[in-house]
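Happy to walk through this one with you. Let's take a few of the labels used for a structure and ask what stands behind each of them.

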Amino acid sequence: MFVSEAVDATGEALEVWIDQDLCTGDGICAQYAPEVFELDIDGLAYVKGEDEELRAEPGATVPVPLPLLTDVVDSAKECPGDCIHVRRVSDRVEVYGPDAE
Ligand code: SF4
(Lines give C-alpha, C1' and ligand atoms only; values in the text may rest on other atoms or scores of the structure.)
Protein backbone atom coordinates (compact mmCIF):
# COMPACT_ATOMS: atom_id res chain seq x y z
CA MET A 1 0.00 0.00 0.00
CA PHE A 2 1.24 3.47 -0.84
CA VAL A 3 1.96 5.65 2.15
CA SER A 4 2.31 9.01 0.48
CA GLU A 5 1.76 10.78 -2.79
CA ALA A 6 4.29 12.67 -4.84
CA VAL A 7 4.34 16.46 -4.77
CA ASP A 8 5.96 19.08 -6.98
CA ALA A 9 8.48 21.69 -5.87
CA THR A 10 5.76 23.72 -4.20
CA GLY A 11 4.36 20.76 -2.28
CA GLU A 12 1.39 20.17 -4.55
CA ALA A 13 0.07 16.63 -5.04
CA LEU A 14 0.56 15.09 -8.49
CA GLU A 15 -1.55 12.79 -10.63
CA VAL A 16 -0.97 11.03 -13.93
CA TRP A 17 -3.07 10.12 -16.96
CA ILE A 18 -2.49 8.54 -20.37
CA ASP A 19 -3.87 9.64 -23.72
CA GLN A 20 -4.67 6.23 -25.18
CA ASP A 21 -5.27 7.77 -28.62
CA LEU A 22 -1.50 8.21 -28.92
CA CYS A 23 -0.32 5.10 -27.06
CA THR A 24 1.80 2.76 -29.20
CA GLY A 25 1.39 -0.16 -26.82
CA ASP A 26 5.12 -0.78 -26.50
CA GLY A 27 4.82 -1.23 -22.74
CA ILE A 28 7.77 0.91 -21.66
CA CYS A 29 5.72 2.59 -18.94
CA ALA A 30 4.57 -0.74 -17.55
CA GLN A 31 8.21 -1.79 -17.32
CA TYR A 32 9.26 1.40 -15.53
CA ALA A 33 6.34 1.62 -13.12
CA PRO A 34 4.17 -1.51 -13.16
CA GLU A 35 2.42 -0.31 -9.99
CA VAL A 36 0.98 2.64 -11.93
CA PHE A 37 0.83 1.56 -15.59
CA GLU A 38 -0.47 -1.62 -17.20
CA LEU A 39 -1.33 -2.79 -20.69
CA ASP A 40 -4.94 -3.90 -21.02
CA ILE A 41 -6.25 -6.57 -23.36
CA ASP A 42 -6.71 -3.91 -26.05
CA GLY A 43 -2.90 -3.54 -26.12
CA LEU A 44 -2.93 0.02 -24.77
CA ALA A 45 -1.57 1.33 -21.48
CA TYR A 46 -3.82 2.56 -18.67
CA VAL A 47 -3.16 4.06 -15.27
CA LYS A 48 -3.79 1.85 -12.28
CA GLY A 49 -5.02 2.85 -8.85
CA GLU A 50 -3.94 1.71 -5.43
CA ASP A 51 -6.70 -0.89 -5.72
CA GLU A 52 -4.87 -2.29 -8.77
CA GLU A 53 -7.90 -1.57 -10.95
CA LEU A 54 -7.20 -0.02 -14.35
CA ARG A 55 -8.87 3.32 -15.00
CA ALA A 56 -10.30 2.85 -18.48
CA GLU A 57 -12.23 6.11 -18.80
CA PRO A 58 -10.59 8.63 -21.17
CA GLY A 59 -8.48 11.11 -19.21
CA ALA A 60 -8.80 9.17 -15.96
CA THR A 61 -6.09 9.97 -13.42
CA VAL A 62 -4.50 8.27 -10.43
CA PRO A 63 -2.32 9.85 -7.74
CA VAL A 64 1.43 9.52 -8.26
CA PRO A 65 2.85 7.63 -5.28
CA LEU A 66 5.90 9.44 -3.94
CA PRO A 67 8.23 6.40 -4.05
CA LEU A 68 7.36 5.98 -7.74
CA LEU A 69 7.73 9.59 -8.86
CA THR A 70 11.06 9.03 -10.61
CA ASP A 71 9.78 5.96 -12.41
CA VAL A 72 6.62 7.77 -13.50
CA VAL A 73 8.58 10.80 -14.72
CA ASP A 74 11.05 8.56 -16.57
CA SER A 75 8.08 6.83 -18.19
CA ALA A 76 6.72 10.16 -19.37
CA LYS A 77 10.14 11.13 -20.76
CA GLU A 78 10.67 7.83 -22.57
CA CYS A 79 7.09 7.32 -23.78
CA PRO A 80 7.27 6.97 -27.59
CA GLY A 81 3.73 8.23 -27.95
CA ASP A 82 4.34 11.34 -25.83
CA CYS A 83 1.08 10.49 -24.14
CA ILE A 84 1.87 10.24 -20.40
CA HIS A 85 0.85 13.41 -18.57
CA VAL A 86 1.81 14.23 -14.98
CA ARG A 87 0.01 17.23 -13.54
CA ARG A 88 -0.77 19.04 -10.31
CA VAL A 89 -4.04 17.95 -8.77
CA SER A 90 -4.98 21.47 -7.65
CA ASP A 91 -4.89 23.34 -10.97
CA ARG A 92 -4.29 20.55 -13.50
CA VAL A 93 -1.10 22.19 -14.76
CA GLU A 94 1.16 19.63 -16.41
CA VAL A 95 4.57 19.40 -14.75
CA TYR A 96 6.01 16.42 -16.64
CA GLY A 97 5.00 15.27 -20.11
CA PRO A 98 4.46 16.68 -23.60
CA ASP A 99 2.44 19.67 -22.40
CA ALA A 100 4.78 20.67 -19.56
CA GLU A 101 6.44 24.07 -19.92
S1 SF4 B 1 5.21 4.21 -22.78
FE2 SF4 B 1 3.62 5.54 -23.70
S3 SF4 B 1 3.25 4.70 -25.74
FE4 SF4 B 1 4.32 3.15 -24.54
S5 SF4 B 1 2.72 1.82 -23.68
FE6 SF4 B 1 3.20 3.42 -22.15
S7 SF4 B 1 1.74 5.08 -22.55
FE8 SF4 B 1 1.75 3.74 -24.37
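A residue counts as near a molecule if its C-beta atom, placed from the backbone, lies within 6 Å of it. Keep in mind that this is a predicted model.

Q: Which residues are closest to the ligand, and how many surround it?
A: With that 6 Å cut-off, 16 residues surround the ligand, and the closest are C23, C29, A45, C79 and G81.

Q: What makes up the shell around the ligand, by class?
A: The shell has 10 nonpolar, 5 polar and 1 charged residues. Cys and Ala count as nonpolar and Gly as polar.

Q: What makes a set of residues a nonpolar core?
A: Its members are buried residues such as Val and Ile, joined through C-beta atoms within 7 Å. The largest such core has 26 residues, of which V16, I18, V36, V47, V72 and V86 touch the most other members. Two or more residues each come from β1 (14–18), α1 (28–32), β3 (45–47), α2 (69–78), β5 (84–88) and β6 (94–96). β1 gives the most, with 4 residues.

Q: Which residues is V36 in contact with, leaving aside its neighbours within four places in sequence?
A: V36 is in contact with V16, V47, K48, V62, L68 and V72.

Q: How do you know that the buried residues of α2 are on the same side?
A: The buried residues are V72, V73, S75 and A76. They cover an arc of only 155° around the axis, so they sit on the same side of α2. These buried residues pack against β1, α1, β2 (37–39), β5 and β6.

Q: Which residues are exposed on the other side of α2?
A: T70 and K77 are exposed there.

Technical notes: Residues are numbered from 1 along each chain as its sequence is written. This is a predicted model: local features need pLDDT of at least 70, side-chain atom pairs count only at pLDDT 80 or more; totals for chains, interfaces and linings use all residues. A residue is buried if 20 or more other C-beta atoms lie within 10 Å of its own, exposed if 12 or fewer, and partly exposed in between; C-beta atoms are placed from the backbone. Two residues are in contact if their C-beta atoms, placed from the backbone, lie within 7 Å. The arc is that of the directions from the helix axis to the C-beta atoms.
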